[in-house]
Amino acid sequence: MSQPDIPKRRSVAAVGRYALALACVAVAFMVTVLLHADGLVSPLFFLAIIVSAWFGGMGPGLLAALISTLCVAYFFLPPAYTIKFDPAHIPQLLVFFISAVLVSSWSAVRRRAETLLRRARDDERHALDPRRHRGPGHRPRWSGGSAPVLAPRACLGRVNPYPRR
């Protein structure tokens, strides 16, 4: 893999995560409309935010929270199909948006912790690997078997004080 491919892959992955967020909100909207949910419309949108944050991270989770909040305000709060809404709905929208932001941030913390645990596990495996290079003054030397024997350079080429019998 060449160096220019790495940023390209990262950007494609980022676009995919944000597309997932938009798709989750779209599915939540379609299901809410099909169910004719007049009273309680936010649970499906909240589920879309959770899925977006879990699989996409904090950025896609925040995008899903913003789009979901706007969608609820525009399509479901009176007066419908206008961005103007009754000031009495502001606390509901704020609670919805703040809880969505919290879920997104918790997802980002979870993802960061998973990454750190994965790195620590890989570092530990690398440190415990007997075949790895042990730094200056050491080089692997193969005995007759399949496992390497590590010996300092100073010992290589010296006569064995314990000859085989």
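Which residues form one aromatic cluster? In this predicted model, the cluster consists of Phe29, Phe45, Tyr74, Phe75, Phe76 and Tyr81. The structure holds seven aromatic pairs, and a search of the whole structure finds zero disulfides.

**Aromatic contacts**

- Phe29 and Phe75 form a tilted aromatic pair, with 4.7 Å centre to centre and 45° between the planes; because Phe29 lies in helix H1 (residues 5-34) and Phe75 in helix H3 (residues 58-76), this pair ties together parts that are 46 residues apart in sequence.
- Phe29 counts as partly exposed at 23% relative accessibility, and Phe75 counts as partly exposed at 28%.
- Tyr74 and Tyr81 form an edge-to-face pair, with 6.3 Å centre to centre and 85° between the planes; Tyr74 is partly exposed, with a relative accessible area of 32%, whereas Tyr81 counts as exposed at 58% relative accessibility.
- Arg110 lies over the face of Trp54, at 3.7 Å from the ring centre.

**Helix H2**

- Helix H2 has 15 residues (residues 42-56), which at 1.5 Å a residue should span 21 Å, and its end C-alpha atoms are 20 Å apart, in agreement with that expectation.
- Within H2, the residues Phe45, Ala48, Ile49, Ser52, Ala53 and Gly56 are buried; they cover an arc of only 125° around the axis, which puts them on the same side of H2.
- Just after H2, Gly57 takes a positive phi of about 105°.

**Cysteines**

- Cys24 counts as buried at 14% relative accessibility, and Cys71 counts as buried at 9%.

Methods:
Residues are numbered from 1 along each chain as its sequence is written. This is a predicted model: local features need pLDDT of at least 70, side-chain atom pairs count only at pLDDT 80 or more; totals for chains, interfaces and linings use all residues. Side-chain values use heavy atoms; hydrogens and water are left out. Helices (H or I, at least four residues) and strands (E, at least two) are DSSP runs, numbered from the N terminus. The expected span of a helix is 1.5 Å times one less than its number of residues. Buried means under 20% relative accessible area, exposed over 50%, partly exposed in between (1.4 Å probe, protein chains only). The arc is that of the directions from the helix axis to the C-beta atoms. A disulfide is a pair of cysteine sulfur atoms within 2.5 Å. Rings of Phe, Tyr and Trp (its six-membered ring) pair if their centres lie within 6.5 Å; planes under 30 degrees apart count as stacked, over 60 as edge-to-face and the rest as tilted. A charge sits over a ring if NZ of Lys or CZ of Arg is within 6 Å of the ring centre and within 35 degrees of the ring normal.
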